[in-house]
Amino acid sequence: MDQPPLANGEGPIGLVMVPTRELAMQVFREVRKFLVPVGLAVSVIFGGSNVKQQIAELKRSPEVVVCTPGRMIDMLTANSGRVTNLRRCTYVVMDEADRMFDLGFEPQIARIIGNVRPDRQTVLFSATFPNSVSKLARGILSKPVQVRVRVRVRVS
């Protein structure tokens with residue numbers, strides 16, 4: 001909200017990457033609850049859905065895009081790169097990063113991150129932290145902080 005409004009043709013300010021279309025829709029519904037009341041737009045981009053409709057959504061310059069990595073690459077390269085870009089993107093969220101690696105999205109994630117501003121804020125969520133996720137974190141995060149949540153069960 002502290003940034004200047006998006007102009008036509010500018011890409012999103014926030015990008016949320018998830019591994020599956022089902023999770024993309026779930027995250028989209030939740031994000032929309034917070035953005036719509038303050039006058040901000042969110043779009044959801046994932047494979048297996050109407051490409052023309054998704055291109056039209058991106059051309060409306062939403063402030064936040066929830067996506068799967070493969071379809072986001074499609075949108076960044078569509079129409080010689082004129083559909084959207086990530087030059088204004090300053091906030092990136094990767095949810096279920098471990099699952100994205102299990103599904104083989106590492107090259108797409110690297111390509112997407114390579115198109116985002118270097119001064120971005122990046123948040124990575126993972127239920128587990130295997131070596132592949134640790135490698136990604138070291139490669140794309142600056143001064144990462146790891147937060148571990150443990151559940152302790154007390155037996156009385």
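Buried means under 20% relative accessible area, exposed over 50%, and partly exposed in between, using a 1.4 Å probe and the protein chains only. The model shown is predicted, so local features need pLDDT of at least 70 and side-chain atom pairs count only at pLDDT 80 or more, while totals for chains, interfaces and linings use all residues. Residues are numbered from 1 along each chain as its sequence is written, and side-chain values use heavy atoms, with hydrogens and water left out.

**View 1. The largest pocket holds about 690 Å³ of space.** A pocket here is an open set of points on a 1 Å grid over the protein atoms alone, where a 1.4 Å probe fits, with protein on both sides within 12 Å along at least five of seven lines. Its volume is the space filled by probe spheres set on the points, which are joined across faces, edges and corners. Lining residues, meaning those with an atom within 4 Å of a point, number 24 in this pocket, and L124, L141, V145, Q146 and V147 lie nearest its centre. The elements giving two or more residues to this lining are strand 5 (121-124) and helix 6 (131-140). Helices (H or I, at least four residues) and strands (E, at least two) are DSSP runs, numbered from the N terminus. Sorted by class, the lining of the largest pocket comes to 13 nonpolar, seven polar and four charged residues. For that count, Ala, Val, Leu, Ile, Met, Phe, Trp, Tyr, Cys and Pro are nonpolar, Asp, Glu, Lys and Arg are charged, and the others, Gly among them, are polar.

**View 2. V145, V147 and V149 make a nonpolar surface patch of about 380 Å².** To join such a patch, residues need over 30% relative accessible area and no salt bridge, and nonpolar side chains (Val, Leu, Ile, Met, Phe, Trp, Tyr) are linked within 5 Å. Areas come from the Shrake-Rupley method with a 1.4 Å probe, and for residues only the protein chains shown count as cover. Look for V147 in the segment after helix 6. V147 counts as exposed because its relative accessible area is 69%.

**View 3. The second largest pocket has a volume of about 410 Å³.** It's lined by 18 residues, with I13, L35, L40, E63 and V64 the closest to its centre.

**View 4. G14 sits in strand 1.** G14 is classed as buried because its relative accessibility is 7%. G14 and T84 are 70 residues apart in sequence, yet 13 Å apart in space, C-alpha to C-alpha.

**View 5. D74 and R71 pair up in a salt bridge (3.5 Å, N to O).** A salt bridge puts a side-chain nitrogen of Lys or Arg within 4 Å of a carboxyl oxygen of Asp or Glu, and the structure holds five of them. D74 and R71 both belong to helix 3 (residues 69-77), three residues apart, or about one turn of the helix. D74 is partly exposed at 40% relative accessible area, whereas R71 is buried at 10%.

**View 6. R60 and E57 form another salt bridge through their side chains (3.0 Å, N to O).** R60 is exposed, at 57% relative accessible area, while E57 is partly exposed, at 29%.

Key:
Patch = residues over 30% accessible without salt bridge, like charges linked within 9 Å, V, L, I, M, F, W, Y side chains within 5 Å.
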